Amino acid sequence: MERSAQLGRALIVIVDDRLAHGEQGDPVGPLVTELLEEAGFIVDGVVLVEGETVAIRNALNTAVIGGADLVITVGGTGVSPRDVTPDATQGVLDRPIPGIAEALRSSGLAAGAVDAGISRGLVGISGSTLVVNLAGSRSAVRDGMATLSTLVPYVIGELSDLYAT
């Protein structure tokens, strides 16, 4: 696992009311963990939160303060009233990166992940942490992680150079 230290530490935040209340098993946390580890990250953990702005924002702030290099949120990016992940994320970001968010929507829709195509998900920087919102389906996660595989190392490298000086 030498590669793990190359890209840094990641935290996964799953936004789902039923999962947060223990009503069902987590279908995407293990998938995101596996894909991040394959990409060279050390995954600090998976946090399950309700679709509440304060709970999501607290999880993101904790990850940023804890020094995570990357935070991936999964779920809560759609158009229903309970989909507040982008709203919570916006309050945490210092600088948005709209190009990556658009790439995630475009590639997800092209791959048939409708939830990715209609996602309001954001991507941006909070402190020295890259924060990425992904739609909640397994197909959106798989496609999103494939799209991120070339972009995330570049952004984290840029941030590492910036904060190393």
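1. Basis. This is a predicted model, in which local features need pLDDT of at least 70, side-chain atom pairs count only at pLDDT 80 or more, and totals for chains, interfaces and linings use all residues. Residues are numbered from 1 along each chain as its sequence is written, and side-chain values use heavy atoms, with hydrogens and water left out.

2. Six strands form an open sheet in the order 2-1-3-6-5-4, and the pairing is mixed. Strands (E, at least two residues) and helices (H or I, at least four) are DSSP runs, numbered from the N terminus. Two strands pair if DSSP finds at least two bridges between them.

3. The edges. Strand 2 (41-49) and strand 4 (95-96) each have a single partner strand, so one side of each lacks a neighbour in the sheet.

4. A helix on the sheet. Helix 3 (residues 29-39) packs on the sheet and touches strand 1 (8-15), strand 2 and strand 3. Contact means heavy atoms within 4.5 Å. The direction of helix 3 makes about 160 degrees with that of strand 2. Axes are lines fitted to C-alpha atoms, for helices over the stretch in contact, and angles run from 0 to 180 degrees between N-to-C directions.

5. Strand 6 and its partners. Strand 3 (residues 70-74) pairs with strand 6 (residues 129-134) in the parallel sense, over five bridges. Here Thr 73 stands opposite Asn 133. Strand 5 (residues 123-126) pairs with strand 6 in the antiparallel sense, over four bridges. Gly 124 has Val 131 as its bridge partner. Two residues separate strand 5 and strand 6 in a hairpin, and Gly 127 in the turn has a positive phi of about 65 degrees.

6. Burial of strand 6. Six of the six residues of strand 6 are buried, so the strand is largely enclosed by the rest of the structure. Buried means under 20% relative accessible area (1.4 Å probe, protein chains only). Thr 129, Val 131 and Asn 133 lie on one side, and Leu 130, Val 132 and Leu 134 on the other.

7. Pocket lining. Helix 2 (17-20) and strand 1 each supply at least two residues of the lining of the largest pocket. The largest share, three residues, comes from helix 2.

Definitions and conventions. Buried means under 20% relative accessible area, exposed over 50%, partly exposed in between (1.4 Å probe, protein chains only).
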